[in-house]
Amino acid sequence: MAHFAELDETNTVKKVIVVHNNELLVDGIESETKGIEFCQSLFGGNWIQTSYNATIRKNYAGTGCIYDPVRDAFIPPKPFESWILNEDTCQWEVPLPYPTDGKEYIWDEPTINWIEVPTE
């Protein structure tokens, strides 16, 4: 099965659908273009293929992700303003490493730091 993401005018993913591989075949070879044409014939709109295994376009597209045509990648929504985009993975990364003392922490954006979760 193949997956295709519908993009709005800002390249934000509106939805992702599953398309049977038979709909992508051209002379026995899968074609993204054929899949896009299939999606457009059913729903109209602007479509692009995504990969559940993230083998193309860095990440699997989800609703709210942005497709960046320069990077040819889907980028998830930024979780916090202070987080930094990893250019290799196109994933957001926290600016400070998670503490390794075995305790549980949550990210606190106002202090841009990890805050220990109290144990009861």
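These notebook entries record what I looked up in a predicted model.

**Conventions**

I treated the structure as a predicted model, in which local features need pLDDT of at least 70, side-chain atom pairs count only at pLDDT 80 or more, and totals for chains, interfaces and linings use all residues. Residues are numbered from 1 along each chain as its sequence is written, and side-chain values use heavy atoms, with hydrogens and water left out.

**Entry 1: helix 1**

I took helices (H or I, at least four residues) and strands (E, at least two) as DSSP runs, numbered from the N terminus. Helix 1 covers residues 32-43. I compared its span with the expected one, which is 1.5 Å times one less than the number of residues. For these 12 residues the expectation is 16 Å, and the end C-alpha atoms are 16 Å apart, so the two agree.

I then looked up burial, where buried means under 20% relative accessible area, exposed over 50%, and partly exposed in between (1.4 Å probe, protein chains only). In helix 1 the buried residues are Gly-35, Ile-36 and Cys-39. Viewed down the helix axis they fall within an arc of 100°, so they line one face of helix 1; the arc is that of the directions from the axis to the C-beta atoms. Their cover includes strand 1 (2-7), strand 2 (13-19) and strand 5 (46-50), with contact meaning heavy atoms within 4.5 Å.

Just after the helix, Gly-44 has a positive phi of about 70°.

**Entry 2: Thr-50**

I found Thr-50 in strand 5. Its relative accessibility is 2%, so Thr-50 counts as buried. A polar atom of its side chain lies 2.8 Å from the backbone nitrogen of Ala-61. Leaving out residues up to four places away in sequence, I listed the residues that Thr-50 touches, among them His-3, Phe-4, Val-16, Tyr-60 and Phe-74.

**Entry 3: salt bridges**

I counted 8 salt bridges, each a side-chain nitrogen of Lys or Arg within 4 Å of a carboxyl oxygen of Asp or Glu.

- Glu-32 and Arg-57 meet at 3.0 Å, N to O. Glu-32 lies in helix 1 and Arg-57 in the loop between strand 5 and strand 6 (66-68), so the pair ties together parts 25 residues apart in sequence. Glu-32 is partly exposed at 25%, whereas Arg-57 is buried at 13%.
- Lys-14 pairs with Glu-6, with closest N and O atoms 3.6 Å apart. Lys-14 is partly exposed at 45%, and Glu-6 is buried at 8%. Glu-6, Lys-14 and Lys-15 are linked in a network of salt bridges.
- Arg-71 pairs with Asp-68 at 2.4 Å between the closest N and O atoms. Arg-71 is partly exposed at 31%, and Asp-68 is buried at 14%.

Cys-90 is in no disulfide either, the nearest cysteine sulfur being that of Cys-65 at 11 Å. I recorded 0% relative accessibility for Cys-39, which is buried, and 0% for Cys-90, also buried.

Conventions. A polar contact is a pair of N or O atoms within 3.5 Å; within protein, one must be able to donate a hydrogen and the other to accept it, and residues adjacent in sequence count only if both atoms are side-chain atoms. A disulfide is a pair of cysteine sulfur atoms within 2.5 Å.
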